[in-house]
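Hello,

Here is the structure I am handing over to you. Please open it first, then read the notes below.

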Amino acid sequence: MFYLSFVYFFFLFCYIQGMFSTASGKQQVCLLFFVQVVLIALMGALMTYGPEANANLLKNHAVYQDVHVMIWIGFGFLMTFLKRYGQSAIGLTFLVGAILVQVAMICEGVMEIKTDKKAYLSLGSLLSADIAVAAPLISMGALLGKTTYIQLVFMGILELIMFTVNKYVGEHILMAADAGDSMFVHAFGAYFGLAVSFVMGMKEKPKEHHLEGPSYNSDIFAMIGTVFLWLFWPSFNSAALKGDDQHRAIINTLLSISASCVIAFATSALVSKDSKFNMVHVQNSTLAGGVAIGTAAGMMCEPVGALVVGSLAGLFSVLGYKYLTPLIQKRLRVHDTCGVHNLHGMPGVLAGIFGALMAGLATEASYDYSLYEIFPARAPSTETMVAEMRDYYGISPGLNRTAGQQAGYQLLALAITVVIAIVSGLVTGLILRMSICGSISEEQKFDDEAHWELEEETSHESKVKEGNNSGDQLPMASI
């Protein structure tokens, strides 16, 4: 039903596209109203309160609020590093997030909808929606400063549909474990955004822009986002877990992200001029450990395992900013404004590989019955063998997988996620180039004036004040 509704919406979108050869500012505003009206209609037709919403249950409320703050404050302020794009970084995160959290609820709901019934909304639904919204906000980082807000909205809607499909395949068909959604959110969002960026920039070779760089104050504002994300990342990775799994996830995440913070600072000084810290590395690579431990967050990787994987993530992330990002931009012509490949892409892949390793080492001797809570497919397949576990622990019959088989499925889920992200990102990029979505000219890139009324100074005055990049710190994509 939802996908039929989406098809109808797509054809209506194409009809509107035919009416307008190019999207003016007024027409983009009309499209924004149109998107919200469609979401209201879909929400009314498909969703209702679940039983939990009618009870006085407050469990996981604190975790939900942590993730909520992380999405809007953390991601929003992290992207304020551009000297002339701070209002857009925070404001468009606010707008796009508010739209996409509704889309995410609907997408998740239709996967569970029953015949002639509506899908249920609960605190768990809201939490899952917030986590899902992280994927398009990650993709937004690769495109920051180069799109209209309507392009971001449509990209997010299309991405969440594919995100939902991919996560269903990974969790329900392949039955892969990904507690912190490092594969399904971070890797997916990064490679989807990079694919869109590639298509959006096909007409010309990526080049430096005089506004694509930080200022002293914008770097400080971006650190607000970094600190919020760093503080709340344990909640993000543990939100979907319960009991001892959740406790391990919090501990493992804190250890991993602490190690990545220290190693990121050290590596930044090692590769930077005069052995000084670089704010791009500190703003981003210090968080890489939170991504890298995500898949295995609830597993028995031991404190030393969490510290090692976090250290590797911090190291790889800084080296990625220093050496890999300029190479990708030069050779593949993929412009990555925020460096999402280094914070979300590579650490997400590392998380998937580490999760597969831990799955291959997992035994009932070390996990007891929680082994089958983390890896439901490893539970015995016969009712008689699982009867006691079902009665005492709520464990259902599984597929009787071995540790090696589960590890293989973990790697398969990672590979499928990256492929779906890239392919769907390429298609989405082609759609976003349609004239109805509008476009940003070279002169308007990385400038708040494209979307905001700036009353404190005229555009000419601001450009005279800012000038060209003359400091030691180059634009992120050129580091």
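**Starting at Ile73**

Ile73 touches Gly225 and Phe228, leaving aside residues up to four places away in sequence. Contact here means heavy atoms within 4.5 Å. Ile73 sits in helix 3 (residues 61-78). Ile73 is partly exposed, with a relative accessible area of 30%. On that scale, buried means under 20% relative accessible area, exposed means over 50%, and partly exposed is in between (1.4 Å probe, protein chains only). The C-alpha atoms of Ile73 and Thr93 are 8.9 Å apart, and the two residues are 20 apart along the chain.

**What you have**

This is a predicted model: local features need pLDDT of at least 70, side-chain atom pairs count only at pLDDT 80 or more, and totals for chains, interfaces and linings use all residues. Residues are numbered from 1 along each chain as its sequence is written, and side-chain values use heavy atoms, with hydrogens and water left out.

The chain has 18 helices and two strands. These are DSSP runs numbered from the N terminus: helices are H or I with at least four residues, strands are E with at least two. Of the 479 residues in the chain, 56% are buried. The chain exposes about 20800 Å², and carbon and sulfur atoms supply 64% of that. Areas come from the Shrake-Rupley method with a 1.4 Å probe; for residues, only the protein chains shown count as cover. Take the contacts between residues at least 6 apart in sequence: 81% of them join residues at least 24 apart.

**Helix pairs**

Start with helix 4 (residues 86-112) and helix 6 (residues 149-173). They pack at an angle of about 30°, with axes 9 Å apart. Axes are lines fitted to C-alpha atoms, for helices over the stretch in contact, and angles run from 0 to 180 degrees between N-to-C directions. Helix 4 and helix 6 are therefore roughly parallel. The cut-offs: under 35 degrees is roughly parallel, over 145 roughly antiparallel, 65 to 115 roughly perpendicular, and the rest oblique. Helix 4 passes helix 6 in a right-handed crossing. A crossing is right-handed if the near helix is turned clockwise from the far one by less than a right angle, and left-handed if anticlockwise. Residues in this contact include Leu92, Ile99 and Met111 of helix 4, and Tyr149, Gly156 and Tyr168 of helix 6. By class, the contact has 16 nonpolar, two polar and no charged residues. Nonpolar covers Ala, Val, Leu, Ile, Met, Phe, Trp, Tyr, Cys and Pro; charged covers Asp, Glu, Lys and Arg; the others, Gly among them, are polar.

Helix 6 also packs with helix 5 (residues 123-143), at about 135° and with axes 9 Å apart. Helix 5 and helix 6 are therefore oblique to each other. Their crossing is right-handed. Among the residues that meet are Pro136 and Met140 in helix 5, and Glu159 and Phe163 in helix 6. This contact has 10 nonpolar, two polar and one charged residues.

Helix 7 (residues 182-200) and helix 17 (residues 403-432) have axes that come within 7 Å and cross at roughly 35°. Their contact has 19 nonpolar, six polar and no charged residues.

**Two loop residues**

Most residues other than glycine have a negative phi. Asp274 has a positive phi of about 60°. Asp274 lies in the loop between helix 9 (243-271) and helix 10 (279-284), and is exposed at 57% relative accessible area. Arg333 also has a positive phi, near 55°. Arg333 is in the loop between helix 12 (302-332) and helix 13 (340-361), and is partly exposed at 41%.

Best wishes
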